[in-house]
Amino acid sequence: MRTFVALLLLFALAAANADILVRDDGGAQVRLPAPARRVVSLAPHITEDMFAIGAGDRLVGTVEFSNYPEAAKSVRRIGSYAQADLEAIAALKPDLVVAWQSGNAPAQVEKLRTLGIPVYVTQPDRIEDVAGILERLGELTGAPAAKAAAAAFRERLASLRSRYGSRPKVRTFYQVWHEPLMTVGGRQIISDAIRLCGGENVFGQLETMAPTVSEEAVIAADPEAIVASGMDEARPEWLDRWRRWKSLTAVARGNLFFVPPDIIQRHTPRLLDGAEMLCRHLETARGRRPK
């Protein structure tokens, strides 16, 4: 009996001392000897996700535009997601850096790895991927609220999908910017939000994440709804420039909509706030169809 108890204690001790091993979205295995206590985030959405799982106090550095929640504004800045200050990151002595595959410069990510800093790379292409990121950040940091946050996200996503997913299709043009005229391709997470709402991205066949398109191409696609985000929390004035094309179905029916960028362009729990607003807009477009 004593031998059995001793073996159980040994197994428990081994489990307690075991490394944390998590595979990232780039396919690399990230190994930590203990939950991360000093974390650097290389994207605003990663910063927000860290706070969402109750690990915001582990952040010792982040990038520009990390403005949510309010506490994120006080985290030290180490550059932008496109150009981070590697020396500043190294000086912070992080035990984990969390990167964004399609946003951060690959050369910078590799340089951090050569410095011996563990880097976990995220790339959420579908809305449900956000829940997985919350869970894996929880594994890496030991944050106890991560599983609950992921479960709540999945529950709300399922509710939206049940309500809107089978609604009649609405051909949708999503405008990210005006000069150049930019939209989202089929693999971009906003396209997934459009599908969630029963919409169809008129440029969903494009593989590029944020392709540039021509005004003529939009007119030829003749979307039933045009949805814009932009860079600020206010409706962009350039959305109403489409009104001069009165032959566009979206214009003729008054279907020019706005969703604030922070709740639709960030891979965080608030993405479902943006998706729900988008779904309501597309439902409005359905209600404006000729009887």
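Just after helix α2 (residues 44–52), G54 takes a positive phi of about 80°, where helices (H or I, at least four residues) and strands (E, at least two) are DSSP runs numbered from the N terminus. The structure is a predicted model, in which local features need pLDDT of at least 70 and side-chain atom pairs count only at pLDDT 80 or more, while totals for chains, interfaces and linings use all residues. Residues are numbered from 1 along each chain as its sequence is written, and side-chain values use heavy atoms, with hydrogens and water left out.

Seven of the nine residues of α2 are buried, so this helix is largely enclosed by the rest of the structure; buried denotes under 20% relative accessible area, exposed over 50% and partly exposed in between (1.4 Å probe, protein chains only). The buried residues are P44, H45, I46, T47, E48, D49 and M50, and they pack against β3 (39–41), β4 (59–61), β5 (96–100), β6 (119–122) and α5 (129–141), contact being defined by heavy atoms within 4.5 Å.

Leaving aside neighbours within four places in sequence, I127 is in contact with F153, L157, I189, D192, A193, L196, L271 and L272.
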